[in-house]
Amino acid sequence: MTGDPSAQSALTDTVVPSGRTNKADDVGASQWRVAMRRLRRNPGAIIGAVIVLVFVLVALLAPVLAPFPAEALPGRAEIRPTFIPGPSDAYPLGLDRYGGDLLSKLIWGARASLLIGVLSTVIGLLGGMLLGLLAGAFGGWIDTAVMRLVDLMLSVPSLLLAVSIAAVIGQSPRAIVIAIGVVQIPIFARLLRGSMLAQRGLDYVLAASSLGLSRRTVTMSHVLPNSLGPVIVQATLMLATAVIEAAGLSFLGLGGGAPTTAEWGRMLAQAQNELEVAPRLAFLPGACIAITALGFTLFGEALREALDPKTRKR
Amino acid sequence: MTRLILQRLGLLIPTLLGLSILLFLWVRALPGGPATALLGERATPEAVERINELYGFSRPLHEQYLAWMGQLLQGNFGASTRTQQPVLEEFFARFPATIELTVVALVIAVGIGIPLGYVAARHQGRFLDQTTVVASLIGVTIPVFALAFLLKYVFAVQLGWFPSAGRLDPSMVATHPTGFYVLDGILTREWDAAWNALTHLVLPAIALGSIPLAIIARITRASVIEVQGADYVRTARAKGLRPPRLRRRVVLRNAMLPVATTIGLQVGLLLSGAVLTETVFAFNGIGSYLANAIFNLDYAVLQAFILFIAIAYTLVNLAVDVSYGLIDPRMRVR
């Protein structure tokens with residue numbers, strides 16, 4: 001089978017309001033309401049949500065929060081070849097090699113990461129859902145053809161796909177967004193298809209078709225909505241992957257732009273020459289990437305658990 | 001079993017054909033077309049014209065594709081735009097370094113990940129288990145190059161326990177019959193060279209292996225927990241199978257199926273990771289070569305490497321499928 005088995009079984013069980021649910025207050029409640037209730041009780045989910053919230057707020061409020069504009073080099077005069085000033089009153093986290101304020105650049109970097117992460121996941125989600133829907137809804141030769149294409153996409157490691165795309169459209173943040181998005185397409189496609197196939201044999205689908213509903217109605221308004229759970233969980237987890245991969249790709253220089261660009265991966269790449277002079281230049285962007293990814297992962301895992309009836313007893 | 005392998009090998013052909021078509025079209029979709037790809041960005045119009053004539057880039061696409069495939073089948077993968085070296089040679093000169101690094105990383109990941117996940121599952125809910133869960137979660141979220149920096153800074157720059165770059169000390173003179181430096185040292189009985197190469201591998205391999213380690217530990221844990229509660233385990237226990245034998249033959253064996261899939265999936269990840277790790281540690285494998293090719297947009301190299309790596313990747317996944325058959329007899333029947 002494709003995708004995560006536990007994520008899939010999450011739906012096959014939840015959507016049927018049978019005696020499966022064990023908590024009295026779960027009976028009759030929609031799967032999302034149940035999930036919300038369970039999320040609130042999960043410390044991991046709360047930590048994850050807080051990290052994500054802080055990250056999103058920092059990204060959105062960057063112009064207000066950051067002491068300096070993204071490309072400003074306010075401390076240019078203070079930089080020496082063997083000395084980069086550390087934290088001071090004017091620059092709370094110190095300066096970088098070019099005289100940029102590290103704090104400001106980290107804050108603007110959050111905005112770049114959020115933008116790349118969200119845009120690429122949207123591309124992956126839309127493309128993958130389209131393919132998965134085609135395969136899952138029609139079956140037969142369409143299914144076979146789509147799945148062959150998906151296998152083909154999966155047979156190319158993501159980094160190489162990213163490189164190929166950047167080669168065609170040039171080194172820019174846009175290349176990174178498209179590359180990461182395209183890499184996600186086959187993952188979402190397999191997940192949605194698997195999830196839809198798991199629904200197909202269920203009683204409520206049979207009931208809906210025996211009521212005389214058209215196949216399109218059954219698919220679009222019954223099977224599809226009930227198949228979305230694993231896809232949404234995966235999208236949350238993908239945001240973590242996207243932030244990490246985006247940093248990796250811009251670390252390799254695929255994002256283009258000036259060396260002073262306020263982007264975490266780019267900052268890390270620049271910092272590798274300063275490891276002995278100012279290690280914080282590498283560790284702070286690295287920590288930002290890791291914490292952001294941790295936030296999305298914690299929240300995504302908690303969401304998966306919340307939607308999984310197998311863990312509901314606890 | 002043989003049929004399974006043959007079947008899977010048969011599936012390789014359409015995949016590789018599809019991939020070759022994509023790669024072929026890719027070079028033709030590049031800005032400036034394939035001639036620019038061969039000559040580099042600064043090619044003069046006359047040179048472009050000459051190359052177009054020489055390689056027949058003005059012919060119909062399907063003819064070009066067939067001609068290119070013919071070249072590939074004869075082992076001619078083109079030459080690097082930058083160094084003029086044949087790509088195939090460059091690849092095989094560097095491939096051993098990356099395999100060495102990846103294998104050591106994978107040994108670390110599997111050798112620690114599976115026992116860790118297993119022990120955590122046996123102590124489910126207790127301190128050891130919770131520590132493992134948290135640690136593996138953090139392990140997945142630290143970008144491989146950031147971890148590489150951290151290791152390099154702490155253990156090479158600050159403590160000086162390990163070398164910070166390269167595959168061998170520059171002062172070390174050694175012969176390399178195979179290109180696998182550790183193996184070379186052992187084969188030629190140059191023990192100091194083998195040891196030196198090994199110390200150069202430690203930090204990059206830990207950095208590269210950390211994410212797969214975390215993932216393998218998590219999957220093992222989840223899988224063992226699930227199998228432990230399965231009906232057939234209860235049946236086996238009821239029939240009087242002794243616990244050590246039960247754990248080894250029934251629980252562990254059945255729990256290994258998803259783990260095998262996961263290990264196969266890690267190969268692609270290891271490869272991307274290798275590019276980043278090799279860059280940080282100036283480790284001269286295909287990873288850092290690829291990073292350079294990316295940087296210089298050396299299309300001939302990229303085109304060939306993507307093909308090679310996809311073949312390697314597919315073969316590894318084939319090996320994973322075959323390993324299912326070894327682990328689970330039910331798979332052999334189908």
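## Close-up views of a two-chain predicted model

Among contacts in chain A between residues at least 6 apart in sequence, 73% join residues at least 24 apart; two residues are in contact if their C-beta atoms, placed from the backbone, lie within 7 Å. The model is predicted: local features need pLDDT of at least 70, side-chain atom pairs count only at pLDDT 80 or more, and totals for chains, interfaces and linings use all residues. Residues are numbered from 1 along each chain as its sequence is written, while chains are lettered from A and ligands numbered from 1 in the order in which they are written.

View 1. Chain A has 12 helices and 0 strands. Helices (H or I, at least four residues) and strands (E, at least two) are DSSP runs, numbered from the N terminus. Along the sequence the pattern is α-α-α-α-α-α-α-α-α-α-α-α. Of the 314 residues in chain A, 52% are buried. A residue is buried if 20 or more other C-beta atoms lie within 10 Å of its own, exposed if 12 or fewer, and partly exposed in between, with C-beta atoms placed from the backbone.

**View 2. Chain A, confidence.** The mean pLDDT of chain A is 77, and 88% of the residues score at least 70. pLDDT is the predictor's confidence in each residue, from 0 to 100. Where pLDDT is low, the predicted coordinates should not be read in detail. For the complex, the predictor gives an ipTM of 0.73 and a pTM of 0.77.

**View 3. Helix α5 of chain A.** This helix covers residues 102–138, and its 37 residues should span 54 Å at 1.5 Å a residue. The expected span is 1.5 Å times one less than the number of residues. The end C-alpha atoms of α5(A) are 53 Å apart, which agrees. Because 27 of its 37 residues are buried, α5(A) is largely enclosed by the rest of the structure. Gly139(A) follows α5(A), with a positive phi near 65°.

**View 4. Packing of α3 and α5 in chain A.** Two packed helices are described by the angle between their axes and the distance between the axes. Helix α3 (residues 43–60) of chain A packs on α5(A) at about 105°, with the axes 7 Å apart. Axes are lines fitted to C-alpha atoms, for helices over the stretch in contact, and angles run from 0 to 180 degrees between N-to-C directions. α3(A) and α5(A) are therefore roughly perpendicular to each other. Angles under 35 degrees count as roughly parallel, over 145 as roughly antiparallel, 65 to 115 as roughly perpendicular and the rest as oblique. On α3(A), the contact uses Phe55(A), Val56(A), Val58(A) and Ala59(A). On α5(A), Ile107(A), Ala110(A), Arg111(A) and Leu114(A) take part.

View 5. An unreviewed UniProt entry places "transmembrane region" at several spans of chain A, including 112–137 and 282–303. UniProt positions are given in the numbering used here, feature names are shortened, and annotations may be inferred rather than shown by experiment. Residues 112–137 of chain A are 100% helix and 0% strand, with end C-alpha atoms 37 Å apart. Residues 282–303 of chain A are also 100% helix and 0% strand; their end C-alpha atoms lie 32 Å apart.

**View 6. Chain B, overall.** Chain B has 14 helices and 0 strands. Of its 334 residues, 37% count as buried. Its mean pLDDT is 78, and 88% of the residues reach 70 or more. Confidence in chain B is lowest in helix α14 (residues 329–333), at a mean of 64, and highest in helix α5 (residues 87–122), at 86.

**View 7. Helix α13 of chain B.** The 29 residues of this helix (residues 299–327) should span 42 Å at 1.5 Å a residue; the end C-alpha atoms are 41 Å apart, which agrees. Its buried residues include Tyr299(B), Phe305(B), Thr314(B) and Asn317(B). The unreviewed UniProt entry for chain B lists 301–327 among its "transmembrane region" spans. That span is 100% helix and 0% strand.

View 8. Leu61(B) lies in helix α4 (residues 61–73). With 11 C-beta neighbours inside 10 Å, Leu61(B) counts as exposed. Trp68(B) lies in helix α4 of chain B. Trp68(B) is buried, with 20 other C-beta atoms within 10 Å.
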